[in-house]
Amino acid sequence: MRSLLALLIVTLAMATLCCCEQDPKEPSGSLSADSIKIKKEVANAFVKRQKRSSLYERYFEYYKNPMEQMHERCENYPPCDYLSDQIGFSLAYNRFFGRY
């Protein structure tokens, strides 16, 4: 196990030395604005824009169906939540909040 850990540390140290090599043109080691910028094509390769959803999907993001609202009401009330684990949601909800 120790040899594996030592090998990992040596590998990381070598990778750090290779990747963090200073540019001979800039002895101070500071990065210029040109070296930080990337092309738009490269940026789009790993940053994906969220696609727009249909009107139907947007409606259901904002409004929950009544059964889901009842489940959340029961989950937020600890005695109902506990009882729903024991005897089921419908019986627990009827006991604490009446008929649904």
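A disulfide (a pair of cysteine sulfur atoms within 2.5 Å) ties C74 to C80, with the two sulfurs 2.0 Å apart. The model is a predicted one, so local features need pLDDT of at least 70 and side-chain atom pairs count only at pLDDT 80 or more, while totals for chains, interfaces and linings use all residues. Residues are numbered from 1 along each chain as its sequence is written, and side-chain values use heavy atoms, with hydrogens and water left out.

The structure has 1 disulfide in total. The torsion about the S-S bond of C74 and C80 comes out at about -95 degrees, so this bridge is left-handed. Both ends are tucked away: C74 is buried at a relative accessible area of 1%, and C80 is buried at 0%. Here buried means under 20% relative accessible area, with a 1.4 Å probe and protein chains only; over 50% would be exposed, and anything in between partly exposed. Across the chain, buried residues make up 9% of the 100 residues.

As for secondary structure, the chain comes to 7 helices and 0 strands, both taken as DSSP runs numbered from the N terminus (helices H or I, at least four residues; strands E, at least two). Contacts (heavy atoms within 4.5 Å) can be sorted by sequence separation: of those with a separation of 6 or more, 9% are between residues 24 or more positions apart.

Two packed helices are described by the angle between their axes and the distance between the axes. The axes are lines fitted to C-alpha atoms, for helices over the stretch in contact, and angles run from 0 to 180 degrees between N-to-C directions. Helix α6 (residues 78-87) packs on helix α7 (residues 89-97) at about 145 degrees, with the axes 7 Å apart. On the α6 side, P79, C80, L83, S84 and I87 take part, meeting F89, L91, A92, Y93, R95, F96 and F97 of α7. By class, this contact has 10 nonpolar, 1 polar and 1 charged residues; Ala, Val, Leu, Ile, Met, Phe, Trp, Tyr, Cys and Pro count as nonpolar, Asp, Glu, Lys and Arg as charged, and the others, Gly among them, as polar.

Helix α5 (residues 66-76) also meets α7, their axes coming within 11 Å and crossing at roughly 70 degrees. The pair is therefore roughly perpendicular, a label for angles of 65 to 115 degrees; under 35 is roughly parallel, over 145 roughly antiparallel and the rest oblique. M67, M70, H71, R73 and C74 from α5 touch F89, Y93 and F97 from α7, a contact with 6 nonpolar, 1 polar and 1 charged residues.
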